2 protein chains.
Amino acid sequence: MAAPESVLAAIRNVVGPKGWVDDPAEVAPHLVEERGRYQGTCDAVVRPASTDEVAAVVRLCAEAGVPVVPQGGNTGLVGGGVPDGGIVLCLARMNRIRDLDALNHAMTVEAGCVLADIQTAAAEAGTLFPLSLGAEGSCQIGGNLSTNAGGVAVLRYGNARDLVLGLEVVLPDGRVWDGLRALRKDNTGYDLKHLFIGAEGTLGVITAAVLKLFPLPHGQATAMAAAADPDAVLALFGRAHDACGDQLTAFEMIPRIALDFGLRHLPGVVDPFARVHAHYALVELTSPRADEPLGPALETVLTGALEDGIIADAVIATSEAQAGALWRIREAIPEAQKHEGGSIKHDVSVPTSRVPEFIARATALVEAAIPGVRVVPFGHLGDGNVHFNLSQPEATDTDAFLDRWEDVNRIVHDLVTEMDGSFSAEHGIGRLKRGEMVRYKSAVEMDLMRTVKAALDPKGIMNPGKVVGG
Amino acid sequence: MAAPESVLAAIRNVVGPKGWVDDPAEVAPHLVEERGRYQGTCDAVVRPASTDEVAAVVRLCAEAGVPVVPQGGNTGLVGGGVPDGGIVLCLARMNRIRDLDALNHAMTVEAGCVLADIQTAAAEAGTLFPLSLGAEGSCQIGGNLSTNAGGVAVLRYGNARDLVLGLEVVLPDGRVWDGLRALRKDNTGYDLKHLFIGAEGTLGVITAAVLKLFPLPHGQATAMAAAADPDAVLALFGRAHDACGDQLTAFEMIPRIALDFGLRHLPGVVDPFARVHAHYALVELTSPRADEPLGPALETVLTGALEDGIIADAVIATSEAQAGALWRIREAIPEAQKHEGGSIKHDVSVPTSRVPEFIARATALVEAAIPGVRVVPFGHLGDGNVHFNLSQPEATDTDAFLDRWEDVNRIVHDLVTEMDGSFSAEHGIGRLKRGEMVRYKSAVEMDLMRTVKAALDPKGIMNPGKVVGG
């Protein structure tokens, strides 16, 4: 049902011509998402310039029952930003860095700031904002917080949720909650910011946030180890974690098949070892001190693991270029897979100690379901978050393979749930995984979420049809 | 209004004789709290042995509208566990450690486990559970999580909230939410555990939790520096933080007056310096590696600070005994203050970079309010959490001084709020600071909290009169 013209006119009046987009060609990108699964509709794309404008727009929508679909960089992977009527509320114009207090290790940013710009501003002030993911050149921090983005640095720095000290939110009725504070300790009632972080825009619109900053890394040591199986890789992780603790910044698992794909298709991917191994671990330590003996620390761990037969070989990068070459092996995997036909993906996690078991059991199940399927399990072993990706059997029909996506997801998600894992480790629920919510979440948990949703957004205007909303 | 006899009989039937306490002598300790401010009343103290028993008891209370007041070790400092009728639900018998997965760095504990016992169990498995506070020999983890306890290790490891992967909660209607999971990445809907952590028992009863474990520290370096003022101490903090990052485990500020009190009254407190200085900083680094060059790292920071005139002197402990002696200076302060008459206390925080400004302004204000008052500001500078304690003027009436407690709190809390700080950094709201909530929190924030409370506990039976409940 289209929004009443009077409401749209009032909204246009609030944001002015700069904040109003209704030319179909300009609206079009806001109606789709990266994987081309959904095609949305909306009455307009609204681009407010300030929190006050956001509040006024939401108030008008609330009074008229017009759905509001917040959007940041629109890089989400579960259709969470795809509108189904109503207005798209795009935060892109709200891209000011309001404050940066290096001594307090905090910066206040508006929701439309691009993540890469935040990283740059922090670095220029001699600090680190560690959230880092593939889409950082275009994703916006409001979206990162609304989806509790993960990324490559979770092992050391945590998810987006762990990087926030305060929020400013426009509530579903248009009131503004100013929760912007830069405190490390504050026990004055319920910690409301956690309601909105990870809520995917269904409980309110995040308009600004106070982010935590960290010391910049100045020392780094990178290595790759070769092992026989995921159990060995996991054992190495245990040792690296216990020995290096907070300096352990990355621990990625790479199966041989992924390295083969890279060697086969992409320049710059080089096998660092003479012999072929079944599995590899990419390990990186960082430190704020340039003179921190990270290389020796890594060497101690790897030598011990070699002597104890946990790994078969290891190489420590002796230059930034060599470290880059090791990382290239890992970063090339998604690209390399594209050259091998269709790929069915999962975004799952299990308790870290159960990753080898998961890989073994899931592999057996999918191989039974699709004979000849090529399993490519790689990723953030340290977080228990495995990209359990399947490349199609060689010389088969790609479409027929991809038609099996939901079947295979069902098999893998059933297993993940049985193993007390998550069917959406990073990407969220959006529209794509609502069926999984109903299937896998307990009735009590669903009821709790619906209770929270109904309490904060009784009219159901905030991003309807996403996460839990009806 | 007393609970109906039939309800009490039904509750007694659920928990059996071992779980039922109505002998006034045994009930009495559950009606008071550490600072002797409140005297509560209740119909009985109920001590369930299992989550199912907790659920059954809460269900009976919900049906009859009988208040439920959860209690752990009853070590809280804001009257949060003092009952005003209804039943006290004591978790002490639920003290099993259900699981410990060292490789996954997670342990599952029941709410009644004593914190010190959890620390010991973790250490015996070769890991660290870092939550550590003065009451750890008797406080229970359920209470720690319900109050989002802080303690001495927040600078490095965060608050209780940061140490939880999952929760099991009995909701106000008696249903059990099983949110026990041990995942680092899980974006499947709203992160419900954060509702209950820090809610002080007003939204449900935490019955179990999955806690995060960390590598045990095997290397340690402790130092004390002498400086002219809080600005210098803050500058040293900045340098230590940026140079040592995650290895910085403690950074405590100590004013001269606090050292004088210790020297005057307590054995084992020794001035590590030959000259008198105005302020001191206690700095500690730890590492999982015994061979980590922490001493040299600390020395580099301190030498640089000396050369730049930020500090006047420094001593690095060369033995565990010497480190212990430095810590004794800090740990002795509360005890030493007791020998100097009445003490008016605050539990406040401000942004770390504003601590010196806060101390200066607050000192001026309280000295104007109570001429001769002796200000003793000490504590977790790295968290922005200053124990802004005031010892009475020498040779004045203690009671008359303590009668000024609320006046002085008002002055200090007004200032803290103006400086975007917190009037309750660690201890929570309970009953004691409800007035401050109304005075200092925005109408929108109070309404949001009441909305959440009403949604989860529509009958208002969970710990009524605490935090925000009417």
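Predicted model: local features only at pLDDT ≥ 70, side-chain atom pairs only at ≥ 80, totals over all residues.
Because B:E252 belongs to strand β13 (residues 248-255) of chain B and B:R330 to helix α11 (residues 320-331) of chain B, the pair ties together parts that are 78 residues apart in sequence.

B:R181 meets B:D186 at 3.9 Å, taken from N to O, and B:D186 is partly exposed, with a relative accessible area of 24%. The side chain of B:K193 meets that of B:D191 at 2.9 Å, again from N to O. In this second pair, B:K193 has a relative accessibility of 12% and therefore counts as buried, since the limit for that class is under 20%, whereas B:D191, at 22%, counts as partly exposed. In chain A, salt bridges also form a network, which links A:R96, A:R98, A:E110 and A:E168. Over all chains, the structure holds 54 salt bridges.

The size of an interface is often given as the accessible area lost when the parts come together. For chain B and chain A this buried area is about 6,800 Å², of which 56% lies on carbon and sulfur atoms. Within chain B, the residues that lose the most area to chain A are B:K185, B:N187 and B:Y190, which together account for 15% of what that side buries. The contact is made by 83 residues from chain B and 83 residues from chain A.

Side chains of opposite charge can pair when their charged atoms come close. Across the interface of chain B and chain A, 12 salt bridges are found; one of them is formed by A:E426 and B:K185, whose closest N and O atoms are 2.8 Å apart. Polar contacts were also counted across this interface, and 46 residue pairs were found, with both residues at pLDDT 80 or more. On the side of chain B that touches chain A, the elements that give two or more residues are α6 (154-157), β9 (176-179), α7 (193-196), α8 (230-244) and α17 (443-456) of chain B. Of these, α17(B) gives the most, with 10 residues. The residues of this side of chain B divide into 35 nonpolar, 27 polar and 21 charged.

Technical notes:
Residues numbered from 1 in each chain as written. Chains lettered and ligands numbered in written order. Heavy atoms only, no water. Contact = heavy atoms within 4.5 Å. Buried area = accessible area lost by both parts, 1.4 Å probe. Salt bridge = Lys/Arg side-chain N within 4 Å of Asp/Glu carboxyl O. Polar contact = N/O pair within 3.5 Å; in protein donor to acceptor, adjacent residues only side chain to side chain. Helix = DSSP H or I, 4+ residues; strand = E, 2+ residues; numbered from the N terminus. Nonpolar A, V, L, I, M, F, W, Y, C, P; charged D, E, K, R; others polar. Buried < 20%, exposed > 50% of the residue type's maximum accessible area, 1.4 Å probe, protein only.
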